[in-house]
Amino acid sequence: MAKVLVVTSGKGGVGKTTSTAALGAALAQSGQSVVVVDFDVGLRNLDLVMGAERRVVFDLINVVQGVAKLSQALIRDKRIETLWLLPASQTRDKDALTEDGVGRVIKELRAKFDWVICDSPAGIERGATLAMRFADAAVIVTNPEVSSVRDSDRMIGLLDSKTERAEKGQRIDKHILITRYDAARAARGEMLSIEDVLEILSTPLLGIIPESEEVLRASNLGSPVTLCNAASAPARAYLAAARRLKGEDVPMTIPNDKKGLLDKLFGRRAA
Amino acid sequence: MSMFRLFRRSSSAPIARERLQILLAHERGVRGQSDLLTILREEILAVIEKHVPIARENVQIKMDRGEAVSLLEIDVEVPNTAGLLLSA
């Protein structure tokens, strides 16, 4: 039974695209068939983070408008056979996305994959509402920072009212994914704690992704962080989150990068 | 200092820079005028369609945009009956 998952946040720059790529790759690494779909029409970036930017032929809007078949627009990952990308259009306006069209594409994707992961654009405009429209579950990416938490709260409200499942009176599974978490700063009281965020949003936690230079390194290289360096702290956090998405009971930890003596002495530069 | 670099992984920023340069060169081209690769793709398909009835779903198109050279690969399934139609 296919599951449609939307990765959303309201606020920009919190890590939706990074998280979509990392969770998608992690699920595919565990043998599931996965498609990651970019809904950020006009400002696509999932292709770049996945390292497929040179191979885009057709996009989501071409498929929605019937110019291309779904099979022609899907790009298979070069590293993992069961991981696919459906890119967004870079040139067209987001009004080119229609609810019926997106509904048709999602239905077709459901038949082909175990997981359909929709990378939402920032904001609450058409691209964002259509990305969540047909979702069964949602990952709300949140930074431990006031404006991000406020926007997450807004998105939770939209998920509970504007999605197809909500309108039918069905439940939509919502999960908070905390990204860019700095345990040291939280300990010093400079950053909202996990407990604060969860209490405010009263939504269950999917995982805690520590702030790490590995995330920038992975996007520089065009590789989801779980593939780029599976042993790194953010990769381990994403791999654990992916297992929780599959319903496994995985204890919640905040992985940290073990630094070697040389790194400690000389301080590794960021990516 | 160079001795310590041995223990460091090679930096990823130059790779990011190169990827972006290639991508943006193509995208800026698109804004000014249509992407050459896309024009070629559409015109080649139009020429084939003029002679052979092809179903679009039997066409596989791959593109790989490079700095010096780009690759356009069009794989068209031509039904064997098409030749008969043309010679008739």
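In the predicted model, strand β1 (residues 3–8) of chain A is largely enclosed by the rest of the structure, because 5 of its 6 residues are buried.

In chain B, strand β1 (residues 59–64) and strand β2 (residues 71–76) run antiparallel and are joined by 6 bridges. One of the paired positions places B:Ile61 with B:Ile74 of β2(B) as its bridge partner.

Among the helices of chain A, α13 (residues 233–245) comprises 13 residues. From its first C-alpha to its last, α13(A) reaches 19 Å, close to the 18 Å expected at 1.5 Å a residue. The helix is mostly covered, with 11 of its 13 residues buried. The buried set includes the run from A:Ala233 to A:Ala242, namely A:Ala233, A:Pro234, A:Ala235, A:Arg236, A:Ala237, A:Tyr238, A:Leu239, A:Ala240, A:Ala241 and A:Ala242, together with A:Leu245. These buried residues pack against both helices and strands of chain A: the helical partners are α1 (16–29), α11 (213–221) and α12 (225–228), and the strand partners are β7 (173–181) and β8 (205–210). Just after α13(A), A:Gly247 adopts a positive phi of about 95°.

A helix–helix contact in chain A involves α7 (residues 146–162) and α10 (residues 194–201). Two packed helices are described by the angle between their axes and the distance between the axes. For α7(A) and α10(A), the angle is about 35° and the axes lie 10 Å apart. The crossing of α7(A) past α10(A) is right-handed. On the α7(A) side the contact is made by A:Val149, A:Ser152, A:Asp153 and A:Ile156, and on the α10(A) side by A:Val197, A:Ile200 and A:Leu201. By residue class, the contact of α7(A) with α10(A) divides into 5 nonpolar, 1 polar and 1 charged.

Methods: Residues numbered from 1 in each chain as written. Chains lettered and ligands numbered in written order. Predicted model: local features only at pLDDT ≥ 70, side-chain atom pairs only at ≥ 80, totals over all residues. Helix = DSSP H or I, 4+ residues; strand = E, 2+ residues; numbered from the N terminus. Expected span 1.5 Å × (residues − 1). Buried ≥ 20, exposed ≤ 12 C-beta atoms within 10 Å, placed from the backbone. Contact = placed C-beta atoms within 7 Å. Pairing = 2+ DSSP bridges. Axes fitted to C-alpha atoms, helices over the stretch in contact; angles between N-to-C directions. Left-handed = near helix turned anticlockwise from the far one by under 90°. Nonpolar A, V, L, I, M, F, W, Y, C, P; charged D, E, K, R; others polar.
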